[in-house]
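Open the model in your viewer and show the chain as a cartoon.

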Amino acid sequence: MQRAGKSSAYIGGQWKGEGETVAGFRIEAIESDGVKVTARDEEFFLPVSRHGLGKERLQPEKMPGAKGQ
């Protein structure tokens, strides 16, 4: 979602932006299909789903926007 010209995501009952943290995860990017986060040097993608968020670990080459995607 765009709020005040910046991407925001509603996570854990709060609006959060890129660069902020939630439960120890740093929000790296907010996209229309989900949120990229990092924790302990690992990358995760939290896709938007009908029932909230699903969490899965993706390899960097499988991240949305990676070469070949």
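Start with contacts (heavy atoms within 4.5 Å). Among those in the chain with a separation of 6 or more, residues 24 or more positions apart account for 6%.

This is a predicted model, where local features need pLDDT of at least 70, side-chain atom pairs count only at pLDDT 80 or more, and totals for chains, interfaces and linings use all residues. Residues are numbered from 1 along each chain as its sequence is written, and side-chain values use heavy atoms, with hydrogens and water left out.

Next, colour by secondary structure. The chain has nine strands and zero helices, counting DSSP runs numbered from the N terminus (helices: H or I, at least four residues; strands: E, at least two). The pattern along the sequence reads β-β-β-β-β-β-β-β-β.

The accessible area of the chain is about 5,100 Å², by the Shrake-Rupley method with a 1.4 Å probe. Carbon and sulfur atoms hold 48% of that surface. Of the 69 residues, 32% are buried (under 20% relative accessible area; exposed is over 50%, partly exposed in between; 1.4 Å probe, protein chains only).

Select phenylalanine 25 and phenylalanine 44. How are their rings arranged? The centres are 5.7 Å apart and the planes stand at 80°, so the pair is edge-to-face. Rings of Phe, Tyr and Trp (its six-membered ring) pair with centres within 6.5 Å; planes under 30 degrees apart are stacked, over 60 edge-to-face, the rest tilted. The structure holds two aromatic pairs.

Trace this pair back to the strands. Phenylalanine 25 sits in β5 (residues 25-31) and phenylalanine 44 in β7 (residues 42-49), 19 residues apart. Phenylalanine 25 is partly exposed, at 22% relative accessibility. Phenylalanine 44 is buried, at 11%.
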